[in-house]
Amino acid sequence: MATTKAGTLYVVATPIGNLGDLSPRAREVLSAVDAICAEDTRHTRQLLVAVGIDRPLLALHEHNEGEIAWKLVERLKSGDALALVSDAGTPLVSDPGYRLVREVRAAGLAVSPIPGACAAIAALSVAGIPSDRFCFEGFLPAKSSARRERLAALSRETRTLVFYESSHRIEESLRDLVAMFGGDREAVIGRELTKLFETVLGDTLDTLAAQVAADEHQRKGEFVIIVRGCDDDASARLLEGQRLYAKLAEHLKPSLAAKLAADISGAPRKSLYGGGGE
Ligand code: SAM
């Protein structure tokens, strides 16, 4: 059977650090397609050179995807086989490609996956936190106020939560997770997975936040944060706290209403009232 079919877009996962994770099928497909659409052509060129593949590269990133998707559809219609890759891992997972895949499918053309590495799944597979039901949240907002708002909306989620984070914000995000979910929630941080300095730390959120704050090495690299979902007791405390807060805030200053509601219900105070982004 031929490695690639005419008129097909192959969505190809590439390694998240360890070159050995490029699958044999990914190599075959990348070697055989007419062109490879890449988020950063220089980055992908390095990968291709390392594995001895020489195919034309086309830039496809969040700023030009809307404009060039139709041109790629035309190429596929004319019989070309194309591949889509991102800088690392699986395209479309916190990476470009969604609009292209949608347009190719809308044109009635085939889109075929070449699965492989994905940081979220790699972290989940080693976390030892329930993985039968999980919720992929990708990157949290960059600003603390928006981040806390998002976390407040997720604080009662009972499924395991999966976040991506960068070295710039790992410390702040852990601090906000403690504030909004309470410090005793179990979590795992997967750092630099499949790379030389891979670390997988598991503990309560407040212990992890303290560990990362105290050790600059633990703030370097790329991170996946896996947080255990809310258990029923914590969920009930939060509901009760929110109910009390809504009532008390009708008569008291928000900060005092939150303090009282938290004391009475046992819910984390900051999950009731943002606390001004401290
Ligand atoms: N599409 C990729 C995937 O399939 O995982 C994710 C791309 S997203 C732009 C990059 C983020 O993924 C990083 O900021 C980090 O949160 C996570 N990530 C990527 N590689 C990682 C690694 N080796 N270890 C831990 N996290 C990683």
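Predicted model: local features only at pLDDT ≥ 70, side-chain atom pairs only at ≥ 80, totals over all residues.
Guide: Residues are numbered from 1 along each chain as its sequence is written, and side-chain values use heavy atoms, with hydrogens and water left out.

Visitor: What makes the crossing of H3 and H4 right-handed?

Guide: A crossing is right-handed if the near helix is turned clockwise from the far one by less than a right angle, and left-handed if anticlockwise. The axes of H3 (residues 65–77) and H4 (residues 98–106) cross at roughly 40° and come within 9 Å; the crossing is right-handed. Axes are lines fitted to C-alpha atoms, for helices over the stretch in contact, with angles from 0 to 180 degrees between N-to-C directions.

Visitor: How do you know which residues of H3 meet H4?

Guide: Contact means heavy atoms within 4.5 Å. Among the residues of H3 that meet H4 are Trp70 and Leu76, and the partners in H4 include Tyr98 and Val104.

Visitor: Why are S6 and S9 called edge strands?

Guide: Two strands pair if DSSP finds at least two bridges between them. The open sheet has the order S6-S7-S10-S8-S9 with mixed pairing; S6 (134–139) and S9 (199–204) each pair on one side only.

Visitor: What makes S6 and S7 a pair?

Guide: Five bridges join the parallel strands S6 and S7 (residues 160–166); Phe136 has Val162 in S7 as its bridge partner.

Conventions. Helix = DSSP H or I, 4+ residues; strand = E, 2+ residues; numbered from the N terminus.
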